[in-house]
Every structure is written in C-alpha cells, then in structure tokens.
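My notes are below the display.

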Amino acid sequence: KNYFLNNEERKKLSKYIFMDIKRAVISWKFLLSIIGIAVTFYLFGREPIRSSTLISTYQLNIYQVQILLIYVISIIPYSDALCQDIEQRFYQALIIRGGITSYSFAKSVGIFVSSMLTMISGTELYVLILKIRYPQAIWIVNDEVQGAFAEVIERGMYPAYIFLCSVQLGLLVGILGMFCALISLYILNRLLALSLPIIIYYIMSYVSGIVSPKYNFGMIYDPWYTVNENDFFSFLITIGVTAVLFVILQRLILRKVRGRLCNG
C-alpha cells in the first residue's frame with residue numbers, strides 16, 4: 001500500500017479537513033457545548049469565596065465529579081459525525097469525490113479538534129464569568145504554586161496557566177471523542193456515542209493502570225500531575241501519547257469505514 005499522497009490528494013485532504021472543522025465549529029452544537037461547559041463549571045463547581053483564589057477554584061473544580069459531565073459535553077459538537085454520515089448515506093459521495101483515506105482522516109481531525117476547542121473555549125468562558133462575578137477575587141497566593149505548569153504561575157502568567165490546563169484536558173477529550181466515533185461505526189446510535197466518554201475514560205485508566213500503576217491514562221492528562229516534577233517532560237509525554245492514540249484510532253476508523261463501504 002502507498003501511504004504517501006500526491007499533490008492533488010494533499011489538496012483534497014486539506015479541503016476535507018477545512019470542511020470538517022468548519023462544519024464542526026460553525027454550528028449551534030459547538031456554541032451550546034461551550035456554554036454548557038462554562039455553566040456546568042459555574043453551577044456545580046466551587047465558588048472563589050473567602051480565602052480561595054481563581055486558580056485554586058479552577059484546580060478544585062477540575063477534580064470534582066462534574067468534570068465527567070464536561071467530558072461528555074466537549075465531544076457533542078462532532079463525535080457523531082461519522083454515524084450521521086452513514087445514516088444519511090452521505091459518506092459514500094464524499095469518499096468517491098476525495099478518497100476514503102482523506103475522508104476518514106479529515107473526520108478524525110474534525111472530531112479531535114472540535115472536542116479540544118470546545119473544552120478550551122468553555123474553560124475560558126467559565127474563567128471570564130468568574131472574573132465578572134467575583135471582581136475582588138485574586139488569581140493566586142504564593143503557597144498555592146504546585147502541580148503542572150507551576151513555572152507559568154511563578155512567572156505571573158495566570159491566564160496562560162488556565163489555557164495550558166484546558167489544552168491538556170482538551171487533548172484528553174479529543175481522544176475520547178475519537179474513541180466514541182470509532183464505536184459509533186460498530187453501533188450506529190448517536191446517543192450511545194455521546195454517552196461513552198466516561199466509560200471509556202475509566203476503562204482506559206483501569207487497563208493502563210494494570211500495565212503502569214504509577215502513571216496511568218488518567219494521570220497522563222492530569223494537569224496537576226508531573227513526572228519527576230518536570231512540567232515540560234510531562235507535557236511532552238501527554239502530546240506523545242495523544243499522537244500515538246490518534247494514529248491508532250484513525251487507522252481503526254479508516255479500516256471500519258472501508259469495511260462498511262465494501263459491504264454497501
């Protein structure tokens with residue numbers, strides 16, 4: 001098999017990726033999901049009252065049970081795209097025009113990027129709401145500097161810290177969205193696809209915990225966990241694991257889409 005694309009195929013792939021990302025983010029589901037994340041954080045999370053700060057409030061809220069609901073909300077915009085295309089027989093026309101590899105890869109990128117952007121945007125909206133609702137709240141106090149990206153906090157780059165944490169969680173929901181999309185190819189049920197992130201998260205954490213008890217799937221994406229207190233190395237591991245999982249899931253999605261096309 002030839003896995004290298006020529007110029008024409010690369011142009012088609014770029015066009016498909018642009019179309020899928022545009023379809024994902026220019027939609028009412030994307031906007032409502034962003035609002036849903038912010039509202040979930042705000043309504044079910046801790047408020048920055050008394051001696052608590054904005055950073056400590058955010059840190060505590062991403063370890064509360066509502067974070068599982070936020071995982072689900074993050075994948076809503078586009079994780080059911082493959083299932084929807086198959087139900088409407090739309091995927092066959094796209095594959096004929098651009099090729100099955102371009103189609104499946106673009107869908108994978110669209111699902112991953114839209115889930116990640118939803119998490120990041122929803123988090124930023126939540127922090128903005130906190131700043132407006134609690135103008136007197138400070139970002140942090142000195143003794144709260146700990147966990148991943150501590151150096152960013154020490155430099156006083158507080159919005160950047162929130163952004164980096166949301167990126168790390170965004171990588172997680174991007175992968176969870178791809179897992180859900182893959183499963184939706186076997187069970188054509190969009191509601192089922194949207195209900196799977198929590199189950200997948202716990203299964204991956206449990207299985208990886210057997211192989212590596214001290215550094216499982218959940219810890220890889222934990223913004224408060226570092227390897228040997230090295231922020232850069234920990235984040236590099238997160239990116240590396242995400243890249244590997246993306247490639248594996250994309251290949252599995254391609255294989256299943258090819259199988260469905262061959263079976264009509």
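I worked on a predicted model, where local features need pLDDT of at least 70, side-chain atom pairs count only at pLDDT 80 or more, and totals for chains, interfaces and linings use all residues. Residues are numbered from 1 along each chain as its sequence is written, and side-chain values use heavy atoms, with hydrogens and water left out.

Entry 1, ring pairs. I searched the whole structure and got twelve aromatic pairs (Phe, Tyr or six-membered Trp rings with centres within 6.5 Å; planes under 30 degrees apart are stacked, over 60 edge-to-face, the rest tilted). I looked up Y71 and Y201: the ring centres are 5.5 Å apart and the planes are at 50°, so this pair is tilted. Y71 sits in helix α4 (residues 66-75) and Y201 in helix α11 (residues 197-211), 130 residues apart (helices are DSSP runs of H or I, at least four residues, numbered from the N terminus). I find both Y71 and Y201 buried (under 20% relative accessible area, 1.4 Å probe, protein chains only; exposed is over 50%, partly exposed in between). Y71 and Y201 share one aromatic cluster with Y202, F217 and Y221.

R133 lies over the face of Y134, 4.9 Å from the ring centre (the criterion is NZ of Lys or CZ of Arg within 6 Å of the centre and within 35 degrees of the ring normal).

L69 is partly exposed, at 41% relative accessible area.

Notes
Helix = DSSP H or I, 4+ residues; strand = E, 2+ residues; numbered from the N terminus.
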